[in-house]
There are 2 protein chains.
Amino acid sequence: MAADRLDLRPRLVAPVRLAALGDELLRGERADTNSPWLAARLAALGHPVASIVQVPDRRGAAADLLARWREEGGTLVVGGGLGPTPDDATREEIATGLGVPLVEHPRAAAWIREREARLERRFGPGTLRQALLPAGCEPVFNPLGTAPGICHAAAGRLLLVLPGVPHEYRAICEAVFPLDAAAAAAEDWTLSGLGEDRLAGELADFPGREALGFYPNLAQGHRLRVPLAGVDREALAARLAPWLVSQRGESLAAVVLDLLRARGETLAVAESCTGGLLGARLTAVPGASDVFLGGVVSYADTVKTRLLDVPAGRIADDGAVSEAVARAMARGARARLDGDWALAVTGIAGPGGARPGKPVGTLHLALAGPGVERHERHQAGWDRDGNRDFAVRQALTLLWRSLREAP
Amino acid sequence: MAADRLDLRPRLVAPVRLAALGDELLRGERADTNSPWLAARLAALGHPVASIVQVPDRRGAAADLLARWREEGGTLVVGGGLGPTPDDATREEIATGLGVPLVEHPRAAAWIREREARLERRFGPGTLRQALLPAGCEPVFNPLGTAPGICHAAAGRLLLVLPGVPHEYRAICEAVFPLDAAAAAAEDWTLSGLGEDRLAGELADFPGREALGFYPNLAQGHRLRVPLAGVDREALAARLAPWLVSQRGESLAAVVLDLLRARGETLAVAESCTGGLLGARLTAVPGASDVFLGGVVSYADTVKTRLLDVPAGRIADDGAVSEAVARAMARGARARLDGDWALAVTGIAGPGGARPGKPVGTLHLALAGPGVERHERHQAGWDRDGNRDFAVRQALTLLWRSLREAP
């Protein structure tokens, strides 16, 4: 069944309050990431949030929130407490708070049965109970789970109760609070190859620089938030050209795939220390398959020789983390997978594995392409995860620069 | 000057409420990480937190919090609003709320002057203003900044106001709420293969089940928080044996690598829809290299035939997402990489790519090992990322079960 095109933006009333239910939030075992995410979205829509609260997922918690909302009016968005287990008492408390009974909603029941059929599973009674809604409330379609959201709108009031699982919470909010391009007050740009310090230096005399927001991201490329007003975006783009990957917030991987697609060319990878992460990042982009052929994860040296034709003598002489091996990996992947381009990564992610002259964080990247071969050496300075993320980003940056320069 | 040995643990009174002040928290630009951190610490000390709230850093916010605390009693810890800028009005509002004037506290003034001398700087008047405290309040030493905390303790009440800068907030709390080693109250178990609904069914009659916390994780295996008291952990482990991956919170990938290491065996992978994510998860575990050989990311069909010896006819007849191709990928990876075990994943991650009879989320997994070959078909029901995470977890679960049963 198609999702209802329910748009709750016109029903948003101030003050807007967000609440998250969950004992684990109050034991500090998990942070409430849903509320800040929704607060940012509502702020962009012109509905600033007045308060956010985390309360236990116990009997009485939802009732207290509801009592305040009934007294004060405005909008209340509650996340959590709609799971299939009996201790998820939120729906009962809302019904009690609204003074209505719980009744099975036919549309909600149909969604659950359709999901059951699609997943070829048999849901338990707890899941079927998720079709029970306080009388007079509307179910809100959940594209990623069984528990529908619950919406109650009246004059000067809006109540929305959502499952707390982050991807379900967000998917529902994206549908009911759609963000128009026109609603945005700023653009997200993607940068790679310069850090916050260097950026500050490059922009030291740039008018309006204090209005820019810099959000470092080792893995996907840094994000620069550029307001639509008060900044000369054309001049800024010119100043940042050597590092400016996208003016539409796309990831480095998506931009590289687009550049290759426009050229009708294909890509293969050969990975050692990243263990598959470079391929995983590229294939996280929907539609990667018309450009990305695949790759070889050559974690063991025998795999480098068997599947990438890296000469065993090279590994013995120079070590697996070396320029010669990185270049041979790229050439091998290009030949074996018959790609136009091949990108290779070898390095020491840590915490172990350092060798004399090759500290943890040593990276050798190589790119082989039509009439092109390039090598870069980098030194990463984070932990294992950070070093691997950095390696992927540097590899994609090497390919991005080379594609920009390619004829 | 040495920090005062101020221990506020004996003065903690229920209910304990935490509050964070900051406009940026309500615009979603920054999450409140202080409160969950302190909540975990206080829970470990036996003082569970009753609520956490984020409110704007505007005139009136601290006054509202204080009014509720005066009415209700208990403990209130407020973070934020003690900075040097004039819009940080918290200290004035506390003084007003307590009905006392602001007066310079000699100890607080001395700390600021000493810090000025140590850093060889000259502080501005805003910083010196941080020595002003509501009369009758105690300053709390801040080892990492100029703004001291403010403490007010009376019968049945404790108020603590702290700077919001995370490292200052935490350093002060570590000093005034010291944590003994004996304080750990629960274990984290890792489960795979059953969801929340099924778990509730399995434990329907299990004494103490309401004290367990279940945290779903598609990628790494679900987490079950098991308190050390009030639950028969041995009986629980027996009941959950078919799904119990670890009683020490290890990830599924780490457990699988340990099982293989103990057997002296190696692993290779062949990935299609996961694009390298399975290898990336395995190699995220430090020390994976003595077990994990590597793999082939066969995103394109030509790579399946060239590098994994999957018969082209099989792909033409059954499709790339099929039992026959998954089995051939596993056999091919095992032979080409010379591994003891090989795990293969092929599927449709979405959003595109559905075929008649093969909806988005269709997964075929295969495992080839010493005298063993297994296949599983699964149906995933999330978005692209979720389906890929699910595929990795199911593949690792298949290997984990097979290793437990292997002679």
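In this predicted model, the centres of domain 1 and domain 3 of chain A, taken over C-alpha atoms, are separated by 44 Å. The domain assignment of chain A places domain 1 at residues 9–176, domain 2 at 185–246 and domain 3 at 253–405.

**Helix packing in chain A**

Helix α10 (residues 252–263) of chain A packs against helix α15 (residues 384–405) of chain A at an angle of about 30°, and their axes lie 10 Å apart. The crossing of α10(A) and α15(A) is left-handed. On the side of α10(A), the contact is made by L252(A), A253(A), V255(A), V256(A), L259(A) and L260(A). From α15(A), the contributing residues are R393(A), L396(A), T397(A), L399(A), W400(A) and L403(A). By class, the residues of this contact comprise 10 nonpolar, one polar and one charged.

**The interface between chains A and B**

Contacts between the two chains involve 69 residues of chain A and 66 residues of chain B. Strand β14 (residues 292–298) of chain A supplies the largest share of the side of chain A that touches chain B, namely seven residues. That side of chain A has 34 nonpolar, 21 polar and 14 charged residues.

Strand β14(A) also takes part in strand pairing across the two chains: β14(A) and strand β14 (residues 292–298) of chain B pair in the antiparallel sense over five bridges. Within this pairing, G294(A) stands opposite S298(B) in β14(B).

**A sheet in chain B**

Chain B holds an open sheet of four strands, in the order β10-β11-β9-β12, with antiparallel pairing. The edge strands are β10 (213–215) and β12 (244–246) of chain B, each of which pairs on one side only. On average, and with direction ignored, neighbouring strands of this sheet are turned by 35° against each other.

Inside this order, strand β9 (residues 186–191) of chain B and strand β11 (residues 222–227) of chain B pair in the antiparallel sense over six bridges. A186(B) has P227(B) as its bridge partner in β11(B).

**Strand pairs**

| Strand pair | Sense | Bridges |
|---|---|---|
| β14(A) and β14 (residues 292–298) of chain B | antiparallel | five bridges |
| β9 (residues 186–191) and β11 (residues 222–227) of chain B | antiparallel | six bridges |

Notes: Residues are numbered from 1 along each chain as its sequence is written. Chains are lettered from A and ligands numbered from 1 in the order in which they are written. This is a predicted model: local features need pLDDT of at least 70, side-chain atom pairs count only at pLDDT 80 or more; totals for chains, interfaces and linings use all residues. Two residues are in contact if their C-beta atoms, placed from the backbone, lie within 7 Å. Ala, Val, Leu, Ile, Met, Phe, Trp, Tyr, Cys and Pro count as nonpolar, Asp, Glu, Lys and Arg as charged, and the others, Gly among them, as polar. Two strands pair if DSSP finds at least two bridges between them. Domain bounds come from an automatic or database domain assignment. Axes are lines fitted to C-alpha atoms, for helices over the stretch in contact, and angles run from 0 to 180 degrees between N-to-C directions. A crossing is left-handed if the near helix is turned anticlockwise from the far one by less than a right angle, and right-handed if clockwise.
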